[in-house]
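These notes are meant for a colleague who is opening this structure for the first time. Please read them with the model in view.

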Amino acid sequence: MVSSFCWGCLTRLPSAPRALLPPTLTAQRVAAFHTSTALLAAKKGASAPKYRQGTSMTMKKKKRPAERTRPPAVGERKALRKRIVLSNPNALEIPDMKEVSNETMVDSRLRGSVLGLPVPMLDQLRAVQAFQPKQGWSIFRRPGTVVRRETLEIARLIDGISGEGEEKGKVVKKIVSGARATGKTVHLLQAMSMAFTKEWVVITVPDSQELVTATTAYAPLSDENPNVYVQPEATAALLSRTVTANPVLSKLKVSREHTGLKAPVPAGTTLEDLAKMGIKDPAVSWNAFQALWAELGAKSAAPGFEKGFQPRPPMLVTVDGIAHWMKESKYNNVDVQPIHAHDLLFVRHFLSLLKPGTGQSSLPNGGMLLYATSASNSPTIPTLDVALKQVAARQAGVRPSAPEFPHPDLYAKTDQRVLDAFDSYGLPAPKEGTLELQTLAGLTREEARGYLEYFAHSGLLRENLTDEWIGEKWSLAGGGVIGELERIGRRLRVNTA
Amino acid sequence: MVFILGVNFPERNLVKKSLETFFGVGKIHSTRLLARFHVHPTCKIGELANKQVLDIQAALSEMKIENDLRRQVLDNIKRLKETGTYRGRRHALGLPVRGQRTRTQTKTAVKLNRMERRL
């Protein structure tokens with residue numbers, strides 16, 4: 001008979017439970033009254049360093065608990081990064097603040113004051129991405145821009161082009177340059193706000209960098225032209241910006257036939273619908289954009305399309321940060337060689353407007369090209385610097401054969417394509433202006449006063465604005481550099497009370 | 001999900017990284033493939049056009065990758081052994097092949113070098 005008793009288990013039993021044994025006198029218990037030495041002695045014995053063990057303290061890394069939270073949804077982080085806040089309800093409202101309108105934009109008495117952007121226009125300006133996230137729109141009650149000398153100049157030009165005078169239908173071409181934070185991007189924004197006021201068509205490229213960083217799809221134009229590339233998604237995005245921002249497109253009808261689109265475009269189609277074809281199907285977006293461009297430049301209708309033809313409004317074309325377009329892009333061609341940015345058709349189209357060629361006009365119905373450089377996000381391109389100097393020299397009337405005409409460094413690598421992009425040749429159309437370089441610098445003291453008063457009225461700046469104080473801040477801001485003035489204006493709010 | 005050479009890739013994956021999962025396709029080959037079919041480097045699998053998927057698949061099937069390449073490497077080692085070269089011997093002994101010291105640290109060689117080398 002097998003006993004229910006397991007010998008194996010018996011042998012593994014502990015000898016005796018600890019609690020049953022009589023308490024032994026350990027060192028600690030004896031040393032109840034004088035604690036330190038006994039405790040130290042016990043400790044020392046327990047953790048004496050072993051053979052060849054370092055005595056330095058080792059820290060154990062704490063293991064992080066596995067994160068349970070889900071990452072934010074696709075696009076959420078970018079949306080947060082690109083978020084633009086245009087209003088701050090805590091800022092004071094300025095009662096007598098004027099808005100951009102047909103009258104105020106050319107009023108030279110308003111120089112130095114801040115003009116608000118009309119609220120209905122904000123959606124349009126948002127659509128063309130005129131506002132940048134790092135600009136300080138969120139500290140004021142409503143967005144506004146200061147009227148400076150250059151603003152008035154551009155306002156007069158825009159007024160003249162859309163008016164009935166001899167300036168009508170003129171094309172003004174400017175490259176806006178200047179040091180960091182001198183207000184180049186806001187200058188473009190001001191031009192856009194005026195163009196929207198005059199009901200122009202506004203086409204913008206707010207971020208030129210994203211076209212060349214190889215983050216959007218590209219494809220060769222056709223089998224016949226394998227060395228030029230279209231960017232369907234980027235073009236569709238451009239069309240979408242243009243359609244959202246320009247309600248005037250829904251009033252204009254097509255004036256000719258367009259091939260290259262999937263379906264024939266019947267007469268009576270609005271330009272908005274034409275553009276939407278490209279938005280819907282990015283594969284034909286480049287053709288749709290070309291069709292739209294041809295339509296916007298049309299002066300008369302082709303036979304069969306005369307019904308409902310309306311004269312086209314002038315156009316404003318702005319590009320911000322052109323330096324990114326003056327080098328090789330991050331795209332590769334079939335031979336794994338970098339593609340030059342000028343081989344991207346999107347880029348080429350906008351650069352070709354700078355020099356339309358003999359007898360041609362870049363904007364047949366008039367308008368303005370404003371291409372801005374960037375000083376905070378810009379690759380170093382020595383050839384571009386020379387090219388801009390050449391533009392300035394030509395503007396000043398220096399002949400290219402003259403000795404003082406700037407030339408690139410003979411011992412440096414020069415990108416001839418960049419030089420050629422700004423070098424207009426031949427006689428342009430009569431209404432076509434020459435390419436100009438506009439260098440923005442600081443505000444004048446009077447303009448700086450108006451700008452800082454705007455801060456004071458908004459409740460951000462509690463300071464007695466004397467001439468002396470303003471002169472000091474004007475100097476601190478590098479001679480009225482507007483971005484630096486803004487920093488001063490917001491920083492001083494804690495300083496005083 | 002898109003099938004490329006019998007492997008199913010989720011649409012959110014990068015094309016470049018997905019190509020590099022094949023044995024024998026590294027950074028250089030994936031860059032070349034992308035350039036050849038005009039795919040930008042940040043393209044996701046889901047953004048590929050149908051034709052591009054077929055093109056990439058055709059190009060991959062012409063390349064010597066995966067098991068073909070593994071077999072080739074093994075054949076090379078076998079050939080070295082059969083011709084009695086020093087390198088072949090070292091492979092067979094599980095010792096470093098390229099003149100490294102053997103006094104210490106030959107773990108990798110011991111682990112990997114053998115006639116049927118692990119790849």
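1. In this predicted model, the C-alpha centres of domain 1 of chain A and domain 2 of chain A lie 28 Å apart. Domain 1 covers 77-251 + 310-408 and domain 2 covers 445-491, with bounds that come from an automatic or database domain assignment. Across the boundary, 17 residues of domain 1 of chain A are in contact (C-beta atoms, placed from the backbone, within 7 Å) with 16 residues of domain 2 of chain A.

2. The largest nonpolar core holds 120 residues; such a core is a set of buried Ala, Val, Leu, Ile, Met, Phe, Trp, Tyr and Cys residues joined through C-beta atoms within 7 Å, where buried means that 20 or more other C-beta atoms lie within 10 Å of a residue's own. Among the members that touch the most others are Ala191(A), Met192(A) and Tyr451(A).

3. Leaving aside neighbours within four places in sequence, Met192(A) is in contact with residues including Leu125(A), Val202(A) and Leu316(A).

4. In helix H11 (residues 345-352) of chain A, a DSSP run of H or I with at least four residues, the buried residues are Leu345(A), Phe346(A), Val347(A), Phe350(A) and Leu351(A). The buried residues of H11(A) pack against several elements of chain A, including helix H8 (232-245) and helix H10 (285-296).

5. Between the chains, 10 residues of chain B are in contact with 12 residues of chain A.

6. Residues are numbered from 1 along each chain as its sequence is written, and chains are lettered from A in the order in which they are written. Local features need pLDDT of at least 70 and side-chain atom pairs count only at pLDDT 80 or more, whereas totals for chains, interfaces and linings use all residues.

Conventions:
Buried ≥ 20, exposed ≤ 12 C-beta atoms within 10 Å, placed from the backbone. Contact = placed C-beta atoms within 7 Å. Helix = DSSP H or I, 4+ residues; strand = E, 2+ residues; numbered from the N terminus.
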